[in-house]
Amino acid sequence: MANRKNKAGKLFMSGSTLLYMAAVCSAVPVGDLLDRASQGSDTLHSLSTILSHELQDSHFPPIGRVIMPRPSMCHTSSLQTPNDKEQALQVSESDLLSLARSLLKAWKDPLVVLSNSANDLPHPAHNSISNKIQQLQEHSKSLGDGLDILSGKMGPGAQSISFLPYRGGNDIGQDKITKLTNFHFLLSCFRRDSHKIDSFLKVLRCRAANMC
Amino acid sequence: MITYYLAVQMCFIRMGRPQMYRKSRLQHANIYWLFMLFSPHMSYVFGKNKVHSQVTGFCHLINHMLVMSLPFQDTQLSGMRRDLRLALLLLLSAALESNSMSPPGKPVLLGCRSPEKETFTCWWEPGPDGGLPTTHRLYYERERLEGIHECPDYQSAGKNSCFFDKNHTSIWVDYFLTVVAFNDLGNATSDPLKMDVMEIVKPDPPENVTLLVKDIEDSPHLHVGWQRPQNTDTESGWVTIKYKLRVKQENNKKWKEYMSGTQTHFSLYSVSPGVEYSVQVRCRLDHGFWSEWSNTSHVKIPDYLQDKRPFGILVSTLCVITFIATMCILVMKRKYLKKCFLPPVPGPKITGVDFTLLKSGPTEDAINSLNQNFPLMVAWKDQMEDYLIVTENDIGLEPHPFISQKRKNRSMFSSSGFCFHSEIQSQDSRLSLNEQEKAGKRNHEIQQFVKSNKSLSGTSLSNIEQTQQCSHKQQGTIINFGITEATQQSRSHHDNTVKPLTDSGYVDIRRHEENTEEVDVKTLQYSRVKEMNSDNTLILEKENVSRPGYMDVQRQENTEGYSRVKEVEGDSMIIVQKQILSSDTYYKETGNNSIDCDLQMPRGLTGFSKVGVCAELDSGYVDTIPVTHLM
């Protein structure tokens, strides 16, 4: 009898603690969460921009851009995203978040490929590049976790994620020029997508705060 | 140009008439030829089209050769040939002339820029127009857009530019742009330019930069305010602007930059009054390019602190003057201050006593002066019985005034000897406070001694008893104190051996008090030693009337000299013993007159250490030989 009472008491305590915790956690306003997420996406985009410039500076001018494959072949280009301000402002918040999450998730594997190939990249700054790729991975992971938490607060539409597989494989080329070209191409795709994520989150942030 | 040449040619042909002499014709021809040779070169040097000039020069050479080969004969046939060659010349000239028109050169696309992520503009550089009016057209292809499109607006952004408005601008898609130059003779296509709007974002500089000098709590600071560029849309969050400003002092050439984040104002605190500052602001969107610096704004910080300075100077001057004055006063009055704050430590002083007199030894005058200082004691003489408590530890002090007085027969002690009385004690306390204190410490020791002391015997005890009872009848009996094992105070033992003493001396006799009166120092009783016999016994004498019943051992010297009575034999014999009871005891060797001492073992005496008592008879002191082994 006493045992049962003890168990019931413990259950009650744990239940109330959980409820309290849930109440406290949900008390964090969405605006603050979005603010934090947009800071993360800003960092992500800034890193990718720096990385592209670093890659381009010493090596790429002689090759020229026309030779590079058209970025419409980015593996995320199948995703329908707004292409100007009007379109972006018309998309609902949950859809915007869903787009951001999908894009971010789509880059989980390709970043691994980039990271692996950065070590052997025939580029003078390949160590620095490899370091930055690792940072990109870390930030991407933490932003993904943050967006997952956010999605729980923004309705069912935010929960759906489009599946955008990367089919490029692990190999980015054999000879130096091919390697560099493919690496640069992948990076430019990532830069574009990181800018998309950043813009969507910043629009969401301003909408949630009702003032910017 | 070509008509000129034709005209010149015509002139020379006309001049070259057959009538002229050959020589002059040759001269003219030479001049003409030289002119023709160099002119193409000159046009080559100054002209634009190299090829054109070279061709012209070559044609002219041929032309000249044809002219030179013209026969200068007046015949019909030569006239025909002349016209033919003329026509040929004209044809050649025309051909030369037509070579300067060409299709346009290739234009170059300079770049594109979007000021707010909603529109963008592209510029190009046209190539050479080839002498004909050329037009340029921009064509683009876009990702996710089929077909080739032409620039929607050539006008809004100025010459050689193309403006893409909101409807035609898409972000996150690639544009492929080309510019084509057209003229009557052909066209030229520039190299294609691939761009994405997100890569070309560069905003306009911030507007309305205002500078305000704010004065908060007497510290000036510069408040810089500005507005965001008009065309940027920050309210919806489409763009996020970050600002940066730079400040320069008027004399300095170096700018100092500060980041402002997203705020449209900034406060600069490190400003100096009286200096003119120049400020510029710029901004950027997301992570794009920085805009151009805004127009410079200037401001001069006013010199308003000057009216506060005199006040500060005045205050500081007053403080300095006050400080100096204080120091001067302190220095001048230092002796007084020294006396006030560091008073001299008073030396020991008894009013009425001049210590310098006493230093030379007890003298008549000193004693007299001392006596005069104790009028109270004189008054007490008849009434009370005063006593002196002297113990070993008092050895070393100056001769107690009491002792001196006794010596001089000015004793204030009553004939009854020492009497322990509480009243007297309190009266006496003033004078013998020292002894009391010391005695209090040694109460224990005394008790010990007293306990170990055996009973005193002899009638002297009775004498002491008498004294104790404060009787006033005393006999000058010599008291022998016998200390026996038996703790009985047999008080009937006397010894009659007498040794005459030249001087009176005091013997400190410790007695064991049977009765329950306080056993302390006050119970000490004194007997005067009459003489000392060869048995190392002290013979106490009976007191005379003036000083009945007390015995005192006088100290001659200012040294320790007390000894304990070991045994009292008979009426007038005291055996002095060495005191080995406490560490306080000490013995002084007189040194001068040492007498062979026989260790006397008094009968019945046990438990005490032997003592060799050597007495200096004349002095009256009972000094003991210094003990070889002190406790």
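Select A:R192: at 8% relative accessibility it counts as buried (under 20% relative accessible area; exposed is over 50%, partly exposed in between, with a 1.4 Å probe and protein chains only). This is a predicted model, in which local features need pLDDT of at least 70 and side-chain atom pairs count only at pLDDT 80 or more, while totals for chains, interfaces and linings use all residues. Residues are numbered from 1 along each chain as its sequence is written, chains are lettered from A and ligands numbered from 1 in the order in which they are written, and side-chain values use heavy atoms, with hydrogens and water left out.

**Across the chains.** A:R192 forms a salt bridge with B:E143, with the closest N and O atoms 3.5 Å apart (a salt bridge is a side-chain nitrogen of Lys or Arg within 4 Å of a carboxyl oxygen of Asp or Glu). The pair joins two chains, because A:R192 lies in helix α7 (residues 176-209) of chain A and B:E143 in the loop between β3 (135-142) and β4 (145-150) of chain B. Helices (H or I, at least four residues) and strands (E, at least two) are DSSP runs, numbered from the N terminus. B:E143 is also buried, with a relative accessible area of 8%.

**Within chain B.** Go to B:K106 and B:D191, a salt bridge with its closest N and O atoms 3.1 Å apart. The two residues are 85 residues apart, B:K106 in the loop between α4 (76-98) and β1 (108-113), B:D191 in the loop between β7 (186-189) and β8 (193-196). B:K106 is partly exposed, at 46% relative accessibility.

Next, select B:E257 and B:K244, whose closest N and O atoms are 3.4 Å apart in a salt bridge. B:E257 belongs to strand β12 (residues 256-261) of chain B and B:K244 to strand β11 (residues 241-249) of chain B, so the pair ties together parts 13 residues apart in sequence. B:E257 is partly exposed at 42% relative accessibility, whereas B:K244 is buried at 12%.

Now show A:R192, B:E143, B:D174, B:K194 and B:D196 together: salt bridges that share partners join them into one network. Over all chains, the count is 20 salt bridges.

**The sheet.** Colour β1, β2 and β5 of chain B, an open sheet of 3 strands in the order β1-β2-β5 with antiparallel pairing (two strands pair if DSSP finds at least two bridges between them). β1 and β5 (161-164) stand at the edges with a single partner strand each, so one side of each is left without a neighbour in the sheet. Finish on β1(B) and strand β2 (residues 120-125) of chain B, which pair over 5 bridges in the antiparallel sense. There, B:V108 has B:E125 in β2(B) as its bridge partner.
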